[in-house]
Amino acid sequence: MKQIVLLGGSGNLALLKLVPELYKLKDKNIQIIVYARSDLKDSYDKKLLEFYKEYSQEFLDSIVYLRGSYDDLTELSKVATDETVFYFTLPTSVFYNLAKKVREISKGKMVFEKPFGETFEDFSKLTEFDNTVFIDHYLAKPLSLAYPEIQKTTKFTDFLNNENVVSIQVLLTETILVGGISHFDKSGTIKDVVRNHAIEMLAVALADLTDLNTGEEYAKARAEVINKMKIDRKSLIKGQYEDYVVKGSKTETLVAFKATIDDKKWENVEVVFKAGKALPEKKSEVVFKIKKESIGNLKMLIEECEDFKEAELIFSFASEDCIYLNGVCMDGTEKRIEVVSWNTVHVIVETHFGGLSQYEYIFNALLYNKPIAMAYNSDVTAALNTFKTIEANQDEPEIYDQMSETLLNKY
């Protein structure tokens, strides 16, 4: 029997994402232990059903709920083994001290969710432990998993450069608000999603992964891209949506800034990051604006493109799971062409990963000791170093109306 402990399993990450994804695996060989301080032993199943309605009663009955302190893991020590997977679903501020306590009772795998700490020093402490995994679930999105194989059979690595691309936008926008006084207020948008999800999306698209095979090799290739990123600190825009839940907070719920890539291949190409909550559309995209004089070169990727007078190549990492062209034809009409379709991406995921992606892929790899393409020391360190200059910015965020793009549209 495989065993996973969700440390802090009464919180939103477990309720909204982790437990539903464990259920979807339909694997009766997995024992789930929820360890938390909240007194939910007799009502945890009802709490789960508030967030996800599809559980079977058999699954709910199989979950073991243990209430206990994070300073004393005595109750947990009675059931955990050296094969147990410990999944940290708590604020990053408690990671290190709790990890030390876990190591007193088990040598099992410890799994940490982004942002891996407030500072580089926080992350460095976590790397002191062996048998650890760092999770950025955007690296388990279908397109992220499939892209190394896509590169092997296409010419993306030849096409994506300053000969063909005039600018890049990295978009990570959400319609949702921050619910309750959450861990988000301690992090903000930069730490919560930009220095991990957003930068990793760009690094996946730009890194040359064609001759690489392992998750750690992929991470080092992404780190090379991230290390070349130079952020224009003066370009930083910070916003906070009106009626933000934590009154008086200076935490940003929106950011936009410009950057460059210190590489001849990307010389004179501006990169703009835009991310935030309470915005009109949900997007997880890397958008390459194609030079007008280079539109003909799109034939390297797809034949049907010669009638475009404007074009963007878009990597869609969420919901659409594809790469497509948005173009304006000579007659002024807009046209969309699939370059790598949803079906192609999912066939690759089915062939190489048994159809598993996102948290199902993550849990299957963790519990069955399979290779996993996640964040490693190299790319996390690169991102922490790249973003530390703007993370230190103490400017007051501008207030913006919910569902308004006014601030983002400055770039």
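Begin by selecting α8 (156-159) and α9, each of which supplies at least two residues of the lining of the second largest cavity. The model in the viewer is predicted. Next, select Gln151, Phe156, Thr157, Leu160, Ala205, Leu206 and Lys265, the residues that line this second largest cavity. By class, its lining has four nonpolar, two polar and one charged residues.

How many cavities of 30 Å³ or more does a search of the whole structure find? There are two. For the largest cavity, with a volume of about 90 Å³, select Pro115, Phe116, Asp136, Arg195, Asn196, Glu200, Ala375, Asp379, Val380, Ala383 and Leu384, which form its lining. The largest share, four residues, comes from α13. Sorted by class, the lining of the largest cavity holds six nonpolar, one polar and four charged residues.

Now turn to helix α11, residues 342-353. This helix has twelve residues and reaches 16 Å from its first C-alpha to its last, close to the 16 Å expected at 1.5 Å a residue. Which residues of α11 are buried? They are Val345, Ile348 and Val349. Seen down the axis of α11, these buried residues fall within an arc of 100°, so they line one face of the helix. In an α-helix, residues three or four places apart point the same way, because there are 3.6 residues a turn. To see what the buried residues of α11 pack against, select α7 (142-153), β14 (322-329) and β15 (334-340).

Finally, select glycine 354, which follows α11 and has a positive phi, near 65°.

Technical notes
Residues are numbered from 1 along each chain as its sequence is written. This is a predicted model: local features need pLDDT of at least 70, side-chain atom pairs count only at pLDDT 80 or more; totals for chains, interfaces and linings use all residues. Side-chain values use heavy atoms; hydrogens and water are left out. The expected span of a helix is 1.5 Å times one less than its number of residues. Buried means under 20% relative accessible area, exposed over 50%, partly exposed in between (1.4 Å probe, protein chains only). The arc is that of the directions from the helix axis to the C-beta atoms. Contact means heavy atoms within 4.5 Å. On a 1 Å grid over the protein atoms alone, a cavity is a set of points where a 1.4 Å probe fits but cannot get out, and a pocket is an open set with protein on both sides within 12 Å along at least five of seven lines; lining residues have an atom within 4 Å of a point. Grid points are joined across faces, edges and corners, and a volume is the space filled by probe spheres set on the points. Ala, Val, Leu, Ile, Met, Phe, Trp, Tyr, Cys and Pro count as nonpolar, Asp, Glu, Lys and Arg as charged, and the others, Gly among them, as polar.
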